[in-house]
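Here are a few notes to read alongside the model. Have the viewer open as you go through the points.

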Amino acid sequence: MRKHAQELLLSLWKQRGFLSEARSSAGGTYLYGPLGAELKRNLINDWWNAVVTTSGNIQGLDTPILYPSSTHKTEGKLSCSYPHADLPDVRELQPPHEEGNRTLTASSRVSEEATASSVFRHCILQGMLRRHISAGSSLGMKVPFGIAEVGRIFKSVQPVVPSLHDDNPIEPFLHRTEQDQAGMLFVSPTKEGREWYSHWQRSRLRWWKKLTHNPVALVLKETSKQDVLQSTLQCSTIQYYSPWGPIVLETIVNHGECSTDAVTSGDTTGQGQASVTQAGQAEPNSQLLSCVAEVDKGILALLCDSYTEAKRPYGPGTDLVDSKITRLHRRLAPYKVAVLPVKENHKLYLYCQMLADELRQSGISTVYDSSDTLEHRLVIQDEVGTPYRVIADEGTLETGIVSLQDRDTTASEDMNGQDVLLTLQMMTFGVHVT
């Protein structure tokens with residue numbers, strides 16, 4: 001049953017453009033398709049809004065993905081979960097260098113000396129620790145404060161043996177070399193460190209639960225003291241139980257006063273080897289906390305969580321049809337609304353295209369579809385997770401009335417086409433937009 005569920009989900013995601021299969025010398029894996037890329041962007045934007053935009057004491061940051069290998073010698077071995085010796089060599093990922101017509105490649109932007117002695121970061125926290133004091137000072141921020149960043153990291157992986165993944169085809173996707181992380185480094189007074197740790201546990205778990213339809217599948221697990229650095233005070237993970245087993249979505253760590261080494265080394269789990277560094281030291285009476293969300297694993301968990309099967313009609317007086325529905329949260333859905341003309345009518349097509357353009361220009365991701373039967377198009381929108389559908393028929397040309405249908409309830413509301421934009425803005429963004 002479990003293997004059947006895995007195959008069913010993968011087939012649907014590939015068919016509808018959430019994932020695309022890619023083959024390489026390291027074995028098969030999956031990349032994002034068009035809808036998967038949009039879903040990832042929406043998840044990152046929602047994370048940023050929850051952690052940075054709505055907070056008064058956390059600011060965004062942008063740090064390099066390349067670090068000099070000499071840094072490891074002076075700051076200690078970057079060896080928490082992934083030794084830097086196993087990280088991909090930046091030179092192997094550079095396109096061939098041509099002396100003649102030089103193109104603007106990475107090798108033309110970075111000196112050969114710097115490139116040859118550089119390695120990729122393997123945790124989003126690596127650059128933030130080195131800059132958190134200067135970032136806070138430049139904005140006049142006082143403890144408690146935090147900085148946040150979203151970006152690409154590179155982890156070493158074991159060679160993929162295809163036969164080992166026959167029963168778990170998504171495994172290469174979960175453990176691929178390139179991954180996206182969203183991280184936050186927070187500085188708090190020492191006496192408030194444990195309180196802030198509990199705050200971020202509750203806050204991050206609540207955020208994940210708001211995005212899921214099955215919150216009981218989310219578990220907050222405290223990590224055993226034996227599995228973390230001695231200087232690490234507290235560590236916990238938010239996990240989702242999927243058909244592929246538990247998936248770690250986010251790690252929350254209280255690094256304590258003297259564990260800047262763990263954060264410098266890119267350790268999101270509280271594990272690793274201690275080292276002494278002079279860069280990015282916290283204030284004497286402060287503690288460092290971090291939250292690191294695994295974006296790619298979050299996408300997989302949310303896709304698993306959103307999948308449901310139901311019988312539903314796709315028109316007045318029609319029979320119930322077995323349906324596959326992707327109930328993604330409306331903030332995450334790649335398309336927020338689909339505009340669907342009922343019949344082949346040139347004027348009706350133009351009306352629907354103009355309505356779809358108006359919605360797009362107002363910032364609402366909209367798809368227009370006039371192919372095939374209306375029933376087939378509604379089935380597709382259920383499978384890609386579009387929360388709302390605007391259905392227009394020939395009467396719309398005379399009355400201006402369209403039907404706005406909800407994905408989850410299938411309830412429809414007739415309204416003037418001119419009111420669709422305002423209604424969707426209120427339902428999608430939860431605010432009255434004028």
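1. A word on burial first: buried means under 20% relative accessible area, exposed means over 50%, and partly exposed is in between (1.4 Å probe, protein chains only). Ser-403, with a relative accessible area of 15%, is therefore buried.

2. Before going on, note that this is a predicted model, where local features need pLDDT of at least 70, side-chain atom pairs count only at pLDDT 80 or more, and totals for chains, interfaces and linings use all residues. Residues are numbered from 1 along each chain as its sequence is written, and side-chain values use heavy atoms, with hydrogens and water left out.

3. Back to Ser-403: you'll find Ser-403 in strand S17, residues 401-406 (strands are DSSP runs of E, at least two residues, numbered from the N terminus). Setting aside neighbours within four places in sequence, Ser-403 has contacts (heavy atoms within 4.5 Å) with Arg-389, Val-390, Ile-391, Ser-412, Glu-413 and Asp-414.

4. Now the nonpolar cores, meaning sets of buried Ala, Val, Leu, Ile, Met, Phe, Trp, Tyr and Cys residues joined through side-chain atoms within 4.5 Å. The largest has 54 residues, and Trp-13, Ile-170 and Met-184 have the most contacts inside it. A second, separate core has 19 residues, including Val-390 and Met-415.

5. How many aromatic pairs are there? The structure has 6, counting Phe, Tyr and Trp rings (six-membered ring for Trp) with centres within 6.5 Å; planes under 30 degrees apart are stacked, over 60 edge-to-face, the rest tilted. Trp-207 and Trp-208 are edge-to-face because their ring centres are 4.8 Å apart and their planes at 75°.

Definitions and conventions:
Helix = DSSP H or I, 4+ residues; strand = E, 2+ residues; numbered from the N terminus.
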